[in-house]
Amino acid sequence: MKQLNRRDFLKAAGVAAAASVAAGCAQTSNSSTVFVPTQKGKSVIGLIAPKMDVVRVGFIGVGQRGYGHVRRMSHIEGAEIVAICDTHDEVLERSANYLTERGLKKPALYRGADLAYQDMLARDDIDIVIISTPWKWHAPMAIDTMNSGKHAFVEVPLALTVEEMWDIVDTAERTQKNCMMMENVNYGRDELMVLNMVRQGLFGELLHGEAAYIHELRWQMKEIEHKTGSWRTGWHAKRDGNLYPTHGLGPVSQYMNINRGDRFDYLTSMSSPALGRAAYAQREFPADHQRNQLNYIAGDMNTTMIKTVKGRSIMVQHDTTTPRPYSRHNLIQGTNGVFAGFPNRIALENGGNLGNFHEWEHDMTPWYDKYDHPLWKKMGAEAERNGGHGGMDFLMFWRMIYCLRNGEALDQDVYDGAAWSVISPLSAQSVANRSESISIPDFTRGAWKNATPLGIVGS
C-alpha cells in the first residue's frame with residue numbers, strides 16, 4: 001500500500017476540497033447537469049467476496065460508537081479482532097482491556113498521530129476495517145482501506161461532499177472491495193417488518209415516504225475536548241442543510257428499491273431559522289466561551305423533498321436542536337394504505353384489522369406476529385441481548401459477518417451509502433439557492449435499472 005506522509009495527505013485533501021467546491025458551484029449554476037466521471041472499474045452491485053472461515057477485523061476509532069462496536073463484534077462467531085487504532089490512549093486501552101477481560105487475545109494497538117491508521121492498514125492479516133471516526137475522516141480512511149486490499153465499513157455518513165462520494169465509488173469499483181456505510185437503522189425490528197410488508201404487497205404500489213432524524217442533541221455542545229459533540233457541533237456553523245439524512249432515509253430507500261429499480265432524481269430543500277444553538281450557548285456557557293463564538297447557520301429544522309425517477313416523493317427532515325420527542329418518521333404510503341412510525345400505526349383500505357382506513361390501528365401485536373422479518377425472528381432475541389439501539393447494531397454486524405463467511409452479497413453497497421449521504425451537501429446547495437431543485441448523481445452509472453431489489457433473507 002502506498003503510504004502518505006502528513007504533507008502529502010493534507011495536500012491531497014486540499015485538492016479534493018477545492019474540486020468539490022468547484023463541482024458544487026458548477027451544479028448550482030446548472031442544476032439539471034450532473035458530472036459523472038469516467039468509470040475506472042466494474043460495478044460492485046452484488047459484489048461477492050471469497051468466503052472467509054474467519055473474518056479478521058481492524059477498528060479505526062473506538063471512542064463512543066467504536067467502543068460499542070468492539071464489544072458487539074467480540075460476541076459474533078467467526079469474527080476475530082486483530083488490531084485497533086485511535087488517537088486517544090484512554091479509549092484505545094479501554095477497548096483492549098474489554099477484550100482481554102473476556103479472555104480474548106489482545107489486539108495490536110496503533111495510536112498517536114492522525115495517520116497512524118495507515119500503519120495498521122499495512123498489515124496483511126486484516127480482512128475488514130470498521131471506521132467510526134469524525135465525519136471528515138470517513139472518505140480518506142475508506143479509500144485508504146480499500147487501496148490496502150481490505151473491505152471498508154464506514155459509520156454514517158459515507159462522506160461529506162459530492163467529490164468524496166465519487167472518489168469512494170471509483171475506488172470500490174477499481175479495487176473490487178466492499179465499502180458499506182453502516183446504516184444500522186435498516187436492521188431495526190420495525191424497519192425490517194415494514195420491508196417485509198412492502199415486499200408482500202401489503203401497501204400496494206408505493207407512492208410516498210417520509211424519513212427523519214429528529215433528536216434533540218444540544219447537550220452534546222458541552223463535549224469540548226472529546227466525544228461526538230467536540231467535532232459535531234462545529235458542523236452547525238459550517239453547513240445549512242440536512243446534516244444527517246441517512247437514519248430515516250436508508251429504510252425508506254430500501255422499501256422503494258432505490259438503486260435497484262428506481263433511483264433519486266432531484267431534490268429541493270429549505271431550512272427554518274437557526275436560533276436554538278445560539279440560544280442554548282448563551283444560556284449554558286460564559287459569554288467568552290468558544291461555543292458563543294460560533295455563527296450557527298444550520299436551520300433548526302431542515303426539510304428536503306426528493307423526487308425519484310419513477311415519480312415517487314420522499315420527505316426527509318433533520319432537527320437536533322429543538323425540544324421535541326425523538327422521531328425517524330418511517331412512513332411509507334401506497335395505493336392500499338400507509339404505515340407510520342413514532343408511534344407505530346397502520347391504516348389499510350384492504351386487509352386492515354379495523355376495516356376502516358380513516359382510523360389508525362395502534363396495536364401492532366398482530367402485525368408483528370404475521371410480518372416480523374425472518375432475520376429478526378432468527379436473531380432478534382440475541383440482538384436485543386447484545387444491545388445497541390435495541391439490537392439493531394448487533395444484528396447489522398452479525399449480518400455483515402454472515403455474508404462474508406458465506407459468500408453472499410452484503411445488504412447495502414457503496415452506491416447506497418453515496419446516494420443516501422449525498423443528500424446532505426446537495427440539500428445545502430438547494431437551501432443556499434432559494435430551494436432550487438438540484439439533480440442527484442447516479443452513482444451506479446445506470447446499473448440501477450437492472451439491479452435486483454433487496455430480498456427478504458431467510459423467508
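The model is predicted: local features need pLDDT of at least 70, side-chain atom pairs count only at pLDDT 80 or more, and totals for chains, interfaces and linings use all residues. Residues are numbered from 1 along each chain as its sequence is written, and side-chain values use heavy atoms, with hydrogens and water left out. Helices (H or I, at least four residues) and strands (E, at least two) are DSSP runs, numbered from the N terminus.

**The sheet**

- Eight strands form an open sheet with mixed pairing, in the order β13-β12-β11-β7-β10-β9-β8-β14; two strands pair if DSSP finds at least two bridges between them.
- At its edges are β13 (345-348) and β14 (438-439), each of which pairs on one side only.

**Strand β10 and its neighbours**

- Six of the seven residues of β10 (residues 313-319) are buried, so this strand is largely enclosed by the rest of the structure; buried means under 20% relative accessible area, exposed over 50%, and partly exposed in between (1.4 Å probe, protein chains only).
- With β7 (residues 206-214), β10 pairs in the parallel sense over seven bridges.
- Along that pairing, Asp-319 of β10 is the bridge partner of Ile-214, and Gln-317 of β10 has Ala-212 opposite.
- With β9 (residues 302-308), β10 pairs in the antiparallel sense over six bridges, and here Ser-313 of β10 is the bridge partner of Lys-307.
- β9 and β10 make a hairpin with four residues between them, and Gly-311 in the turn has a positive phi of about 95 degrees.

**Helix α6**

- The 14 residues of α6 (residues 162-175) reach 20 Å from first C-alpha to last, close to the expected 20 Å, which is 1.5 Å times one less than the number of residues.
- This helix is mostly covered, with 10 of its 14 residues buried; among them are Trp-166, Ile-168 and Val-169, along with Glu-164, Asp-170 and Glu-173.
- Just after α6 comes Gln-176, with a positive phi of about 55 degrees.

**Cavities**

- There are five cavities of 30 Å³ or more; a cavity is a set of points on a 1 Å grid over the protein atoms alone where a 1.4 Å probe fits but cannot get out.
- The largest cavity holds about 130 Å³ of space, where a volume is the space filled by probe spheres set on the points, and grid points are joined across faces, edges and corners.
- Its lining has 16 residues, with Asn-186, Leu-192, Leu-195, Gln-254 and Leu-454 nearest the centre; lining residues have an atom within 4 Å of a point.
- Helices α7 (189-199) and α9 (246-255) each supply at least two residues of this lining.

Technical notes. On a 1 Å grid over the protein atoms alone, a cavity is a set of points where a 1.4 Å probe fits but cannot get out, and a pocket is an open set with protein on both sides within 12 Å along at least five of seven lines; lining residues have an atom within 4 Å of a point.
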